[in-house]
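Please read the following points beside the sequence and the 3D view.

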Amino acid sequence: MAKKKVIDKYEMGIYPRTLWVCKNVTNEDINKKFEVKDPTKIDVSYTFAWLCIDKKTGNYGYIVNISDYTLKRKDMSEIIKDISHESEHVKIMLFDEIGQEETYDGQEASAYLVGWVASKVYKTFKK
């Protein structure tokens, strides 16, 4: 039985961006739906986060792909590590785009954003 392809869309609220979380997709699925900086570097055998534009709507955002490797992990701490890692990448890309510096006094917004992204990635992971 083929695995169901998933591309979940999550609006980022106060940030004018969208988060798409994918699993069981192909490189072609991603390159067909999204414009990315270097489409030749898309490799769904890895769990990754990328800046993208939805080709149909023109919406800017981020793709997080959950690889088969991550999906098959038995150790939950390793899954959490993968999800946290990619969530931090999304935060860094967003903060870079909006010119938000990371500071001691501003860490609460940073922590909430990483937590929000991680919760959405985990929601798709569990499907």
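**Notes on the model**

1. C22 counts as buried, because its relative accessibility is 0%, where buried means under 20% relative accessible area, exposed over 50% and partly exposed in between, with a 1.4 Å probe and protein chains only. This is a predicted model, in which local features need pLDDT of at least 70 and side-chain atom pairs count only at pLDDT 80 or more, while totals for chains, interfaces and linings use all residues. Residues are numbered from 1 along each chain as its sequence is written, and side-chain values use heavy atoms, with hydrogens and water left out.

2. The sulfur of C22 has its closest cysteine sulfur in C52, 8.2 Å away, which is too far for a bond, since a disulfide is a pair of cysteine sulfur atoms within 2.5 Å. The count of disulfides is accordingly zero, and C52, at 1% relative accessibility, is buried as well.

3. Aromatic pairs (rings of Phe, Tyr and Trp, the last by its six-membered ring, with centres within 6.5 Å; planes under 30 degrees apart are stacked, over 60 edge-to-face, the rest tilted) number three. One of them joins F48 and W50, whose ring centres are 6.0 Å apart and whose planes stand at 85°, so the pair is edge-to-face; both F48 and W50 are buried.

4. Helix α3 covers residues 76-98, where helices are DSSP runs of H or I with at least four residues and strands are runs of E with at least two, numbered from the N terminus.

Methods
The expected span of a helix is 1.5 Å times one less than its number of residues.
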